[in-house]
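Please have the sequence and the model before you.

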Amino acid sequence: MVRRYFKLYCLLAGAYVRSRLQYRLSFGLMCFGIVISEVCLLGLLGALLVKFRTVNGWTWAEVVFLYGLGNLAYSFMRILGSQLDDFDRYIIRGELDGVLIRPVPPLFYILASRIELIHVSRALTSVAIFVVAFHLTEIRWTLEVALFTLTTIVSGTLIMFTLMLISATVALWTTKSGKLTDLLISATKEATAFPVSIYPLAVRLLLTFILPVAFVTYYPAQQLLQKGEFLGMPESFQFAAPVVALIMLCVSYLFWCSGLRRYHSTGS
Amino acid sequence: MPIITVEHLSKHFKVYKRRTGFWRSLSSTVSRRHDIIKAVDDVSFSLDRGELVGYIGANGAGKSTTIKMLTGILVPSSGHIDVMGLTPYRQRKENTRRIGVVFGQRTQLWWDLPVIDSFELLKQIYEIPQNLYKQNLEFFSEMLQLQPFLSTPVRRLSLGQRMRCDLTAALLHDPEILYLDEPTIGLDVVAKEQVRQFLREVNAERQVTVILTTHDLNDVEKVCQRLIIIDSGKIIYDGGINALKERYGKTRMLIVDLAQGYSDIQLEGVDLTRRDGNRIWLAFDRDTISASEVIVQLTGRYEIQDLTISEPEIEEIVRRIYEMGVH
């Protein structure tokens, strides 16, 4: 069962990649553009930090680490959810009907049908940034740290992915959701790059309990960087990312299912 | 035992009214008024294995909605559907394994990849055993002459070639039922004929039950044994094509070229339906007056150059049913 779906995922994603490679020049330019924009962003961040030294008690290295961690989760999320940023075309063009006539779970089929290689090039860039950032901090590389970092990245990816899935699912009611998804994508990306402590209380609560992106970088970083900055939240939050990811997975999947039921009963 | 049973099937859509003007459109997002559209309204029919049925109706009559409910894409508002013992929307996956679907307006093939790649992907999606896949692919590519463009990307195919590939794609997994939503739309005469021929053969040789929706009544006349006409969500005719002609096609048409333009034409038992210069169209009911009687009348009073009798086209009959309802 798992093998079948793994194989199918590779085949469908592979078909998409092969389709894209038909247009090599545009693909190459896109990849190039992504790398350039990542490097520029990082440069900007560096320039700001050189000027201001610290952000709310966070050193230059620590912020770069936070940025690198968030960017890693973000770019993995974009790979996994390549299809979700313009999911509404499935509704607008009626492509969802074509998905529903296949003997495969619709969400799986949709996610597998597209792996955007430009996001892979972004992911490679962010791996490089993260490795550099890791060295800038004083984190000692142990097996425990490695496992914790890995868990954090996986959980962070899933948390961001579920937020994207939820916003895409809105299209099943409203027909369009592209703008909302774009907004959410860029907002969550920004929110993971800086310590949540710089925001007012309301935003902090929002980023912890409603759009829990604080669990992508900020809370796990407390453990890795030994900051001990919890803003009145329980200290156990530093280990909570996998739990939050699991809860979000359940919530977003249920939301997706109810959206699909609605589509089933209203049609296009 | 029927392969498809539909009982009192209905599908109602809520259509929200949007009001014009800023404040009104704002208030309509809060208190939304809606109309109920009965896209399919208390429809019942059943199909036997191996039937070839045309499902026709004007735009918005409810054809596609019915097909979408039969394929499990839409959930009915009320009523009962049984397809091969399954309830399509509840057992969607099991149902999809045993049906093939072709949407004439939208290809299900991978647009930028060679045709054969789409077939290979479908093989994996439907878990078609290798030998069955090979056998079916050979069968269909010979029947539809796919060989010359199997390695051409789908986007470079002509519409006719693409439809042949879509038909193959829908049949590779040996479905028991084939649903076609306007399979001949946009095709030229030759390609249309090819599709029709193919459907007849698949139906005869593989015992595939075929349901097709169409606007082109020639499809129905040349392919189907049975015809279901739907209008405003209700079935207004369900039966054989010959029976339809028998029942509604009694009016024949006599087209006459007169030698000169008579100002006034008077004939008994005949309606003058159209006039274009010296050519006139006369409609008459074959139960009340025979063609020879009409001609005798005609030649007795006017000078005629030429005449032809036309049997009612199914299109004409259906048009009349739409306009007047069933009597």
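Let me begin with a helix of chain A, α13(A), in which the buried residues are A:Ala241, A:Val244, A:Ala245, A:Met248, A:Ser252, A:Tyr263 and A:His264. Please keep in mind throughout that this is a predicted model. As for its length, α13(A) is made up of 26 residues, and 37 Å separate its first C-alpha from its last. That is close to the 38 Å expected at 1.5 Å a residue.

I now turn to chain B. Its secondary structure consists of eleven helices and 13 strands. The C-alpha trace of chain B spans about 75 × 60 × 45 Å along its principal axes. Of the 327 residues in chain B, 35% are buried. Among contacts in chain B with a separation of 6 or more, 72% are between residues 24 or more positions apart.

The domain assignment divides chain B into domain 1 (48–246) and domain 2 (250–311). The C-alpha centres of these two domains of chain B are 43 Å apart.

Next, a sheet in chain B. In what order do its four strands stand? The order is β11-β12-β10-β13, in an open sheet with antiparallel pairing. At the edges are β11 (271–276) and β13 (304–310) of chain B; each has a single partner strand, so one side of each is left without a neighbour in the sheet. Neighbouring strands are turned by 20° against each other on average, direction ignored.

Consider the strand β10 (251–258) of chain B, which pairs with β13(B) in the antiparallel sense over six bridges. Within that pairing, B:Ile255 stands opposite B:Thr308. Strand β10(B) is also joined to β12(B), again antiparallel, by seven bridges. Here B:Asp257 has B:Arg279 in β12(B) as its bridge partner. As a general point, strands of a sheet pair through backbone hydrogen bonds.

A helix accompanies this sheet: α10 (291–301) of chain B packs on it and touches β10, β12 (279–285) and β13 of chain B. The direction of α10(B) makes about 25° with that of β10(B).

Is B:Asn95 buried or exposed? It counts as buried, because it has 23 C-beta neighbours inside 10 Å, and the cut-off for a buried residue is 20 or more. Leaving aside residues up to four places away in sequence, B:Asn95 touches B:Gly72, B:Val83, B:Leu86 and B:Pro88. Between the C-alpha atoms of B:Asn95 and B:Met84, which are eleven residues apart along the chain, the separation is 8.2 Å.

That concludes the presentation. Thank you for your attention.

Methods:
Residues are numbered from 1 along each chain as its sequence is written. Chains are lettered from A and ligands numbered from 1 in the order in which they are written. This is a predicted model: local features need pLDDT of at least 70, side-chain atom pairs count only at pLDDT 80 or more; totals for chains, interfaces and linings use all residues. Two strands pair if DSSP finds at least two bridges between them. Helices (H or I, at least four residues) and strands (E, at least two) are DSSP runs, numbered from the N terminus. Axes are lines fitted to C-alpha atoms, for helices over the stretch in contact, and angles run from 0 to 180 degrees between N-to-C directions. Two residues are in contact if their C-beta atoms, placed from the backbone, lie within 7 Å. The expected span of a helix is 1.5 Å times one less than its number of residues. A residue is buried if 20 or more other C-beta atoms lie within 10 Å of its own, exposed if 12 or fewer, and partly exposed in between; C-beta atoms are placed from the backbone. Domain bounds come from an automatic or database domain assignment.
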